[in-house]
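Work through these exercises with the model open beside you. Try each task before you read its solution.

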Amino acid sequence: MSFLEKIRKNTWVLFVLIGTAMVAFILDPNVLFKFFTEKSSIIGKVNGENISIKEYVDCFQFLKQFRQGESDSHLKKETWNLLIHEKLLNQQAMKLGIQNTKKDFWDAISKQSIYSYIPELQDNFGNLDIKKLQLYLKNLENTSPVSHSQMEIEKNIWSYEKNSIPKRILAKKYVEMLMYGLNTSLIEGELNYKEKNFFSIIDYIFIPYSEIEHKYNMFLIGRNEIQNFIKKHKFLYKRENLRSLSFAILRSIPSLEDEENMKNKMKKLFHKFKSINKNSIFVSNQSEKPFDSNFYLKNHLPPILQNFVVNNNKIGSMFGPIKEDNIYVMAKIIGKKMISDSVLSSHILISHKDAMRSSNNRTKKEAEKIANQIYKFIQNNPSKFDELVIKKSDDLINAKKNQGSLGWLKYHEQNDIGKFNIFDSENKKGMIGLTETKFGYHIIRIDNKSVPQPAYQFAVIVKTLIPSKKTEDILYSRIRKFFVKNKNYQLNTFINNARKEGYETIFLKNVRSNQWDIDDLKTEVDKEIIDWSFDKNRKEGDCHIFSTSNKDYIIVYLSNIQKEGFPMEEIKNSLIPFLKREKINRLLSNMEKRKFFTRNLEKIASFFSKKIIKNYKINFYESIINDHKEPKVVGCASSLRLYETSKPILGEKGIFFVRPSRHIYPSKNPSYFSHEIEMLNVSLRKKMLEHIGNVLVKKSIIKDYRKHFQ
């Protein structure tokens, strides 16, 4: 029973709660055993918590698998955002002591997992039938991944659901806790309903502000008026201390000569590597990455090595050298043995006070003695194993619920199994061993094993091609020549010339003196650049060359210095229209006091030579009059008695005189208010959730290492 296509069709379900979705798929081919970067297993950090490359690749591969047609760049960006928000919500939940229960898990499986949307797994009422699901999972477990690759993908989907649902539950509980009590009241629902359904039919005239200014000669606003207003409202116009920077970046790239020299060096190293016997020592002396003693099954190798071992599977077979960007890799098969990919096992745990998650007070020496006694007894009486699990094991949860079973352990997950290698083909089904881990001492029984497959051990040499001293001197000479030629140009000319030279450019970044890094730049010299830009001797148009530890050159162009204070010219441009409106308001008030306006719309229209717009329908919900939102005018119109002409109303674009001819009141319909409340609640919670996400991101320390993997 294969549900892969049905799962594909229902995958949108995974994004409903917090949009987090990850399934274990094949590793990206560019990730070659963690050889390529020092932080190859970590692609980012959220408040110190790692985001592993595996998490990132799994999430990306999942999105790519089920959202075909979307660009890789969009999916990579979404992958990053999903992982960030998942970590942040779970961290907050853990801080508050929010926990999951087994009931929570199965409730979530029943209601939130993709399986709840597959008709074949539902009961007669459309709910997920747990027994049908368990039968399906049992069939999955018993299917060979070699003969049913589609089923292996479905196993990975279940693995994802099983691992990710607890995280989703925590996030959901945290969000629900924040939203508790965040509800729209009956009064708000009623008001919203009335705003949509209360209408006024009005006659009105509209006079643009420009016509009033012309008619009463209000074009001039004195400098003293502006200064006096600013003094009274300092807090509105004070600006912060900022510097506006742009960048031209010349990357340190090896020359063709450097590359040719590296090729020759790698060829010589290849021949020497081929004949050497002390492989681990040779790797330690020659490679930038340490020797890795692990054995790898073929299907857990990167595709390029999978193809290699198909035709070159003997000890001593050489791979490479190959070049990926500026990284050279060569490898030699130095070991081969048979390994079971999956092992079903049970254990008796004897813990001690120094062991992880232990509440036991016995010493490590006492625990070792007890474990040895039990192990010797079981060697002679293997049938007593299940009985002793109940009586002696300190893993109380597994002992009671699962008879000590650890479930199916996967070789590639590198479980902490100690010295008793249960995956090794020499250790057969039914064998019992004693081993020590961070949890204590384990008497382990192998209950079942998958068919053994060949596993390979590699000695790998990794070297990075870097620019030679000669190349670095040429690059520096080039950047100096560009700097001297362009340092006195205007910013746009400077940037355009940099782009013609093939340099990377970053345009107009505002920085504060207390910043530590610069968006889109993020180098170890960011703070040095910021300090330079805030030096008291700096002036607009200044340029300077900075170099990073890997010899990238950065020319910084200081295009604007915004000092703390009150920029009169800038304020003037935005303030003059406001002051003109204030003058118009005073003028109209004086005219009103002198009874200049008779409350007659026709006479006012005649005085200003304007046409009356008749029978215009307005309401609070939209507030549109004369093609603009005018809530103040709508409010005044709704409060007037019928056929009463308003005082002059200052709107967004001009002055209104309004006369209502009809008010249409909504019929009271309390049953409908509940629908309004529901709509307002959805909107309110959506805005709140977006705000929570933005605040958590802003307040967190997020490290992004993705550029190392591009």
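**Exercise 1. Find the ring that lies under the charged end of lysine 337.**

Solution. The charged end of lysine 337 sits over the ring of phenylalanine 295, 4.5 Å from the ring centre. The rule asks for NZ of Lys or CZ of Arg within 6 Å of the ring centre and within 35 degrees of the ring normal. Now take lysine 332: it lies over the face of phenylalanine 273, at 4.9 Å from the ring centre.

A note on the source: this is a predicted model, where local features need pLDDT of at least 70 and side-chain atom pairs count only at pLDDT 80 or more, while totals for chains, interfaces and linings use all residues. Residues are numbered from 1 along each chain as its sequence is written, and side-chain values use heavy atoms, with hydrogens and water left out.

**Exercise 2. Decide how the rings of tyrosine 476 and tyrosine 553 are arranged, and where they sit.**

Solution. Step one is the rule: rings of Phe, Tyr and Trp (its six-membered ring) pair if their centres lie within 6.5 Å; planes under 30 degrees apart are stacked, over 60 edge-to-face, and the rest tilted. The count by this rule is 14 aromatic pairs. Step two: tyrosine 476 and tyrosine 553 are 5.6 Å apart, centre to centre, with 50° between the planes, so the pair is tilted. Step three: tyrosine 476 is in helix α17 (residues 469–486) and tyrosine 553 in strand β15, 77 residues apart. Helices (H or I, at least four residues) and strands (E, at least two) are DSSP runs, numbered from the N terminus. Step four: tyrosine 476 has a relative accessible area of 40% and is partly exposed. Tyrosine 553, at 8%, is buried. The cut-offs are under 20% for buried, over 50% for exposed and partly exposed in between (1.4 Å probe, protein chains only).

Phenylalanine 494 lies in helix α18 (residues 491–500) and tyrosine 557 in strand β15, so the pair ties together parts 63 residues apart in sequence. Both residues are buried.

**Exercise 3. Explain why helix α19 (residues 526–533) counts as largely enclosed.**

Solution. Count first: six of its eight residues are buried, so the rest of the structure largely encloses α19. Then name them: Asp526, Lys527, Ile529, Ile530, Trp532 and Ser533. Last, find what they pack against: β4 (242–250), β13 (504–511), β14 (543–547) and β15 (553–562), where contact means heavy atoms within 4.5 Å.

**Exercise 4. Trace the two partners of strand β8 (residues 342–350).**

Solution. Strand β9 (residues 405–410) runs antiparallel to β8 and is joined to it by five bridges. There, valine 343 has leucine 409 as its bridge partner. Strand β11 (residues 440–449) is also antiparallel to β8, with eight bridges. Eight of the nine residues of β8 are buried, so the strand is largely enclosed by the rest of the structure.

Terms used. Pairing = 2+ DSSP bridges.
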